[in-house]
Amino acid sequence: MTDTTRTVASNGHGVAVSFQDMHRWYGPVHALNGLSIDIAPGELIALLGPSGCGKTTALRALGGLDDVDQGRILVGGRDITRVPANKRNMGIVFQAYSLFPNMTARDNVAYGLRLRGVDGKARNRKAEEMLELVGLGQQTKRYPYQMSGGQQQRVALARALAIEPSVLLLDEPLSALDARVRRQLREEIRRIQIMVGITTLFVTHDQEEALAMGDRVGVMSAGRLEQIAEPAELYDRPRTPFVAEFVGLTNRIPATATNGTVAVLGTDVPLLEGSAAAGPVLALIRPENVRLTAADDGAGRVAAVSFLGSLCRAQVTLPDETLVVAQMSASEASGLYPGASVAVTVLPTPAFAVAS
Amino acid sequence: MTASPGGSLSAAAPQGGALVARPKGAGRGRRGSRRQLTVRVAILIVVLGYLVLPLFAMLEFSTRGPFGSRTLDSYAAILNDQNVIDGVTTSLQIAVLTVIGMLVLLVPTMVWTVVRVPRMRRVVEFLCLLPRAIPAIVIVVGIAPIYRWMGQHLGAIGASPLTLAFINIILVLPFAYRAIDASLRSIDTATLADAARSLGAGWPRTIVQVIVPNIRGGILSAAVLAIALVLGEYTISSLLAFNTLQVVIFVLGQQDPFISVAVSLAALVFAFVLLFVFTRFGGGPDRRFQAEVEEPAG
């Protein structure tokens, strides 16, 4: 359980959502295994995890599109576990393009309002406002086949928001788009979510997306919530081996742990809570915490250097054949080239370790 | 002079024009494609001949007059023969009922199967294709007692030839299933249904307002196939002693073969026209699922 009175980036008009000990089986597969999350009003929670971890099942259960076998879902304090999807008032943007092909952009956005009995003029006005909000005010009469993937997902977002839903559910809405549109649209979604102040559950398998968008990020594995925390905390202070290895890049460096520290390449690194505490371990060290110094008698040999714009990433082979990745600014990497000898050290930043 | 990877040679001409040498084998390629075209046209002529020749023979036969003359008397006689008119009317009524019944039964079932129980798709497909594997005579033997009971206990309704619609609904399932299934596969039915439901639509609205308009092509194809099958159905109507179009044509064939062939040809032409109208104005390929639009720049 988590603190629901937290400050979130949005303007605070949303409702609280609570998953309580949810279970879902698909035959022998335990898709949700005791999932409990509390989401504060107006908060954007990003659920992150590998394929099949249960994140989409959780989202579909909240949307009423899938049943749960056990547990409860509360929205604004009201139990909606058995309420059918069409009575839940949830706005959903799907991974697949889901605009109705037989309707124009405006009719798509107005469809939910039509179902709510809003009269023609009012619903068209509202639909146009929503299309304006997502930057498609000039495309109201276009059919989905006349729009690009990014435009279609914008219309889908407008359609989801037009009904003024209690919760916005985003089921990997950017995964079908190319990298440029993806980045642009995720910033737009976040801007609109903060402006509207709607409580949002965002499901993704893209770490960058989750860390960039979420007020908090929940990492799921095998139907369980491994950890939920603010992006920086999740990255810097993982609580389980899965989170430590799944989120961000990590080096697995053999070392020995004693009394809450682990000696890695000559540096005593404090161990995070939940780490293997003693004996031979694999220390999980972030690339940005690895330091390379050019030295003719250095133990490491540079295997490759990748230029990433303002950053560089170098792969270094240690004498025991362990491959270590170091990340540094482009200027720091100027003296590195494949075959160069380097001394490898790590910073004493707290790290996670798993038994080897 | 330069050589391009494609093997063609080009040289600058004195007056600024370009001389382009024909690539090796270009003439052979052209001859080959001409031969291919000839073969295609020949195949087309043979196939069309195979299909059109019987129709032409029917037209020739049904327009024969005395002493080698041509007449449309047989076609005019159709309109004066009450049995033919009744047969046509009955068959059309049965066709309409069959189409309505088939769509009401099949569309919601198939949508539900795709969206909610995809693992049942194979079972539904098997059940729908089953009538194709059962000979009509077997179906009649099985269903005759039911029709006898209906005739005895349901009065005029039970004895009406329109009850043939029930059996025809089953007979058209294999064809209708294929047509509608192809349409359902061309759209993301499950996601569209989820989207409609999340916006507040119940199942009936989801099917009628969202799914049906997007599988219109398949529905029209299924309807055309059903109408064609009903207009051509003879065995079951005859064995159950109902006077449908084909039964009337058969009886006429024994009395006046010219009118019988004229009615058959007219029925075929009617079915062709119907097929053309449906595919031209409703059932043809739909651009809505084909276009791809590039992301706008910036």
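The model is predicted: local features need pLDDT of at least 70, side-chain atom pairs count only at pLDDT 80 or more, and totals for chains, interfaces and linings use all residues. Residues are numbered from 1 along each chain as its sequence is written, while chains are lettered from A and ligands numbered from 1 in the order in which they are written.

## Overall layout

Let's start with the whole chain. The C-alpha atoms of chain A fill a box of roughly 80 × 45 × 40 Å along the principal axes. Its secondary structure comes to eight helices and 20 strands; these are DSSP runs, with helices being H or I of at least four residues and strands being E of at least two, numbered from the N terminus. Chain A is divided into domain 1 (17–236) and domain 2 (249–355), with bounds that come from an automatic or database domain assignment. The C-alpha centres of the two domains lie 39 Å apart.

Of the 356 residues of chain A, 45% count as buried. Here a residue is buried if 20 or more other C-beta atoms lie within 10 Å of its own, exposed if 12 or fewer, and partly exposed in between, with C-beta atoms placed from the backbone. Two residues are in contact if their C-beta atoms, placed in that way, lie within 7 Å. Among contacts in chain A between residues at least 6 apart in sequence, 68% join residues at least 24 apart.

An open sheet of four strands in chain A has the order β2-β1-β4-β5, with antiparallel pairing. Two strands pair if DSSP finds at least two bridges between them. At the edges are β2 (29–39) and β5 (78–79) of chain A, each pairing on one side only.

Helix α1 (residues 55–63) of chain A lies across β1 (17–26), β2 and β4 of chain A, at about 115 degrees to β1(A). That angle is taken between N-to-C directions, from 0 to 180 degrees, with axes as lines fitted to C-alpha atoms, for helices over the stretch in contact. α1(A) is mostly covered, with nine of its nine residues buried; A:L59 and A:L62 are among them. Just after α1(A), A:G64 takes a positive phi of about 85 degrees.

## Strand pairs

Here are several pairings of chain A side by side.

| Strand pair | Bridges | Direction |
|---|---|---|
| β3(A) and β9(A) | four bridges | parallel |
| β9(A) and β10(A) | five bridges | antiparallel |
| β11(A) and β14(A) | seven bridges | antiparallel |
| β14(A) and β20(A) | four bridges | antiparallel |

Strand β9 (residues 216–221) of chain A has six of its six residues buried. A:R216, A:G218 and A:M220 point one way, and A:V217, A:V219 and A:S221 the other. In a regular strand the side chains alternate between the two faces of the sheet. A:I45 stands opposite A:R216 in β9(A), and the bridge partner of A:M220 in β10(A) is A:L225. The hairpin of β9(A) and β10(A) has two residues between the strands, and A:A222 there takes a positive phi near 50 degrees.

Strand β14 (residues 279–285) of chain A has five of its seven residues buried, so it is largely enclosed by the rest of the structure. In β14(A), A:I285 is the bridge partner of A:N251, while A:L282 stands opposite A:V354 in β20(A).

## Meeting chain B

How many residues of chain A are in contact with chain B? There are 26, and they touch 23 residues of chain B. α2(A) gives the most to this side of chain A, with three residues. The residues on this side divide into 15 nonpolar, nine polar and two charged. Ala, Val, Leu, Ile, Met, Phe, Trp, Tyr, Cys and Pro count as nonpolar, Asp, Glu, Lys and Arg as charged, and the others, Gly among them, as polar.

## The nonpolar core

A nonpolar core is a set of buried Ala, Val, Leu, Ile, Met, Phe, Trp, Tyr and Cys residues joined through C-beta atoms within 7 Å. The largest has 159 residues, and those with the most contacts inside it include A:L62, A:L201 and B:I180. Helix α7 (residues 164–186) of chain B gives the most to this core, with 13 residues. Both domains of chain A give residues to the core, so it lies between them. Leaving aside neighbours within four places in sequence, A:L201 is in contact with residues including A:I45, A:L59 and A:L62.
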